[in-house]
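Subject: Structure for your review

Dear colleague,

Please find below the structure that I am handing over to you. I would be grateful if you could read the notes after it with the structure open beside them.

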Amino acid sequence: AAEPDPLITEVQDWTRYLGKGVDATPYGLPSQYESDVVRRSVPWLTADAKSSVNFTPLYALDGTITPSGLCFERHHGGVAVIDPADHRLMIHGMVERPLVFTLDDLKRFPRENHVYFLECAANSGMEWRGAQLNGCQFTHGMIHNLEYCGVPLRYLLEEAGVKPQAKWLLAEGGDASLMTRSIPMEKIMDDCLVAFKMNGEALRPEQGYPIRLVVPGWEGNMWIKWLRRLELGDRSWEQREETSKYTDLLADGVARRHTFVMDVKSVITNPSPQAPLTHGKGRTVLTGLAWSGHGRIAKVDVSIDGGRNWSEARLEGGSSKGAYRFYHDFDWDGAELFLQSRAIDEDGNVQPTKDRLRAERGENSIYHNNGIQTWHVRADGVTENVEVS
Ligand code: MTE
Ligand code: CO
């Protein structure tokens, strides 16, 4: 360097004075310099904060695991505050023995640990009619990816003895919204968990403390928080959340129902509108997340020219029904870019362009928008949400 850098040549305060000792923060918090990295809501989306949503700051994260305090929140009746000593989980309906479990009872069943993504079916729902929200936090931030510890739900049902005619389960939450969803028995017996830990610590209140249902790969709405009741029956209950909500109105007026599985999807998190390319041309890291409710991600392709040419990204981490991190390291020539990513899962499902998605589904939908996202990076690095066709 031509000029001496005082950060190198001079003694700085943080080497001159002792820092705080141990126990200053018994439960750790992020650095004060990371105060920008927070969940954010879009005030005009909902009338009230008690039935609302905020978004995970995907643009500021790396790796695959979402930090517990940055998981987006979606609740319909505010955050229930429940003393675990007062919490009960009831199983009834078409069972041999109706049962009530305390938290201590649940912790005596064998536990498993799995990393899964949870995506709200309404994620990207504001983008059906065109590019709208400026930032992947808002376009794609209704997702988190956590390591859950919990008891496979089938162990609890085996304890209660499921009657042969039982084909569906109704799960109900203990919050003021009494959120209820019907789930088919094959899914329950396959991989659903009653979870009490996320990323090794107790569930956060916002995520359903003390227990939540984990329904891997399926609509986030089915992951009932503050889980308190499980009823076995021979048909789906057709509750509000599976009739008026979480159905997809097609162009011809017919509505798709029971679209439980979350489709294959990906998004570039850097660069993106909240994380522009400020460093100028040369060595550049492009990165993002990919996931599929069908299982594993096989491949992610990225394009820097709006989908004309594609190259295969490098995948890191990931698990079946969990999020993958992808990277594409390239030499930026300083000209404008149209960035896209396209995920393909192990079942061969390919993330569609927005044009193809609209041709199949029309523009009346809210849910299950897994279309390919485009970010326009200008020569000065400013990045915006756009569409190309
Ligand atoms: N469970 C209860 N009891 N109450 C709720 O409002 N919201 C659902 C689901 N489970 C909800 C609930 C919806 S729509 C989603 S997308 C997820 O929880 C959000 O989970 P999160 O808040 O951990 O992100
Ligand atoms: Co939701």
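This is a predicted model: local features need pLDDT of at least 70, side-chain atom pairs count only at pLDDT 80 or more; totals for chains, interfaces and linings use all residues.

The ligand and its surroundings

Ligand 1 sits in the largest cavity. There are 22 residues around ligand 1, and those that come nearest are Phe72, His76, Asp175, Arg212 and Lys225.

A polar backbone atom of Phe72 is 2.6 Å from an oxygen atom of ligand 1. For Arg74, a backbone N or O atom is found 3.0 Å from an oxygen atom of ligand 1. In the case of Trp223, a polar backbone atom is 3.1 Å from a nitrogen atom of ligand 1. Taken alone, ligand 1 exposes 540 Å², and the protein buries 100% of that area.

A buried threonine

Thr287 belongs to strand β16, which covers residues 282–291. Is Thr287 buried or exposed? Its relative accessible area is 4%, so Thr287 counts as buried, the limit being under 20%. The side chain of Thr287 makes a polar contact of 3.1 Å with the side chain of Arg325.

Backbone features

Most peptide bonds are trans, and most residues other than glycine have a negative phi. The following places depart from that pattern.

- Tyr209 and Pro210 are joined by a cis peptide bond, with omega about 10 degrees. Pro210 is located in the loop between β10 (201–202) and β11 (212–214).
- Asn270 and Pro271 are likewise linked by a cis peptide bond, with omega near -5 degrees. Pro271 is part of the loop between β15 (265–270) and β16.
- Asp23 is not a glycine, yet its phi is positive, at about 75 degrees. Asp23 lies in the loop between α2 (13–16) and β1 (52–53). With a relative accessible area of 66%, Asp23 is exposed, because the term applies over 50%.
- Leu178, also not a glycine, has a positive phi of about 45 degrees. The loop that holds Leu178 runs between β7 (168–173) and β8 (180–184). Leu178 has a relative accessible area of 39% and is therefore partly exposed, a term for values between the limits of 20% and 50%.

Yours sincerely

Technical notes. Residues are numbered from 1 along each chain as its sequence is written. Chains are lettered from A and ligands numbered from 1 in the order in which they are written. Side-chain values use heavy atoms; hydrogens and water are left out. A residue is near a molecule or strand if one of its heavy atoms lies within 4 Å of it. A polar contact is a pair of N or O atoms within 3.5 Å; within protein, one must be able to donate a hydrogen and the other to accept it, and residues adjacent in sequence count only if both atoms are side-chain atoms. Accessible areas come from the Shrake-Rupley method with a 1.4 Å probe; for residues, only the protein chains shown count as cover. On a 1 Å grid over the protein atoms alone, a cavity is a set of points where a 1.4 Å probe fits but cannot get out, and a pocket is an open set with protein on both sides within 12 Å along at least five of seven lines; lining residues have an atom within 4 Å of a point. A molecule sits in a cavity or pocket if more than half of its atoms lie within 2 Å of its grid points. Helices (H or I, at least four residues) and strands (E, at least two) are DSSP runs, numbered from the N terminus. Buried means under 20% relative accessible area, exposed over 50%, partly exposed in between (1.4 Å probe, protein chains only).
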